[in-house]
Amino acid sequence: MIMEDQERTEKYNEDALRYSEYFKGKIQTISKVPVRSLDDFSIWYTPGVAAVSKKIASDPDLSFELTGRWNSIAILTDGTRVLGLGNIGPEAAMPVMEGKALIFNYLGGVNAIPVPIRVKSREEFVSVAKALEPSFGGINLEDIESPKCFFLLETLQKEMNIPVWHDDQLGTASITLAGVINALRVVGKKIDQVKVVFNGAGARGHRFAHDK
């Protein structure tokens, strides 16, 4: 069984490298508006676009109604704790962030943009995230080392005006909590009647214990 799993993993690894070289990335940006003639460019770009920009300038929140910002998120990482690979840096984190963007788009219909960044401190990370705020409707933090990830989530949620989510804390903790709730239902017990042990749970274990 172990040998079969290893062979399957090796096959996936080979396919991933071959397909990545062939497709050169997992996502792309395409137009969603009709372009039937040169006149359409005058609507979507100049001169028509100026009217939209003026409208948003009078009320920046209109960017959520008149642009794609309402359905766009940044998948933001510094590449310091990627999957089981550890601190591999922003460039090497890009394939994973592209994969997450693919999941957001394919399963949720959300326009997700991978944004691996090179920063030297958690304060610089916060500064970059806040600078990106006008471009996105939300921020998904991804694959950031602990304990930095706790500081970043709490700080950005407090200081930004768009939703900020850390997948490795909130997302995985939600699934873990769902598992605990369902397990309690199966055995017919309440939470105060059992002991739950988290072994190597990482950021999600911290978040689950904190929120509980």
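This is a predicted model: local features need pLDDT of at least 70, side-chain atom pairs count only at pLDDT 80 or more; totals for chains, interfaces and linings use all residues.
Throughout these legends, buried means under 20% relative accessible area, exposed means over 50%, and partly exposed is anything in between (1.4 Å probe, protein chains only). Residues are numbered from 1 along each chain as its sequence is written, and side-chain values use heavy atoms, with hydrogens and water left out.

View 1. Asp143 sits in the loop between E3 and H7; helices (H or I, at least four residues) and strands (E, at least two) are DSSP runs, numbered from the N terminus. Its phi is near 50°, a positive value in a residue other than glycine. Val82 belongs to the loop between E1 and H5 and counts as buried because its relative accessibility is 0%. Setting aside neighbours within four places in sequence, Val82 is in contact (heavy atoms within 4.5 Å) with Ile88, Ala93, Val96 and Asp143. Look also for Glu145: its C-alpha is 8.4 Å from that of Val82, though the two are 63 residues apart along the chain.

**View 2. Leu83, an exposed residue with positive phi.** Leu83 is in the loop between E1 and H5. Its phi is positive, about 45°, although Leu83 is not a glycine. With 56% relative accessibility, Leu83 counts as exposed.

**View 3. Helix H5 and its bend at Pro95.** H5 covers residues 89–108, and its 20 residues should span 28 Å at 1.5 Å a residue; the end C-alpha atoms are 27 Å apart, which agrees. The expected span is 1.5 Å times one less than the number of residues. Pro95 marks a bend of about 35°, taken as the angle between axes fitted to the seven residues ending there and the seven starting there. Buried residues of H5 include Gly89, Pro90, Ala93 and Met97. Among the elements covering the buried residues of H5 are strand E1 (72–77), strand E2 (111–116) and helix H8 (167–187).

View 4. A salt bridge here is a side-chain nitrogen of Lys or Arg within 4 Å of a carboxyl oxygen of Asp or Glu, and the structure holds 12 of them. One joins Glu91 and Arg118, at 2.2 Å from N to O. Glu91 is in helix H5 and Arg118 in the loop between E2 and helix H6 (122–132), so this pair ties together parts 27 residues apart in sequence. Both Glu91 and Arg118 are exposed. Another joins Lys100 and Asp167, with the closest N and O atoms 2.7 Å apart. That pair links helix H5 to helix H8, across 67 residues. Here both partners, Lys100 and Asp167, are buried.

View 5. The side chains of Lys130 and Glu159 meet at 2.9 Å, N to O. Lys130 lies in helix H6 and Glu159 in helix H7 (residues 148–159), so the bridge ties together parts 29 residues apart in sequence. Glu159 counts as partly exposed at 39% relative accessibility, and Lys130 also counts as partly exposed, at 35%.

View 6. The bond from Thr46 to Pro47 is cis, with omega near 10°. Pro47 lies in the loop between H2 and helix H3 (49–58). Ser146 and Pro147 are also joined by a cis peptide bond, with omega about 10°. You'll find Pro147 in the loop between strand E3 (138–141) and H7.

**View 7. Helix H1 and what comes after it.** H1 (residues 2–23) has 22 residues and reaches 31 Å from first C-alpha to last, close to the 32 Å expected at 1.5 Å a residue. A network of salt bridges links Lys11, Asp15 and Arg18. Just past H1, Lys24 takes a positive phi of about 55°. Val33 is in the loop between H1 and helix H2 (38–44) and counts as partly exposed, at 32% relative accessibility.
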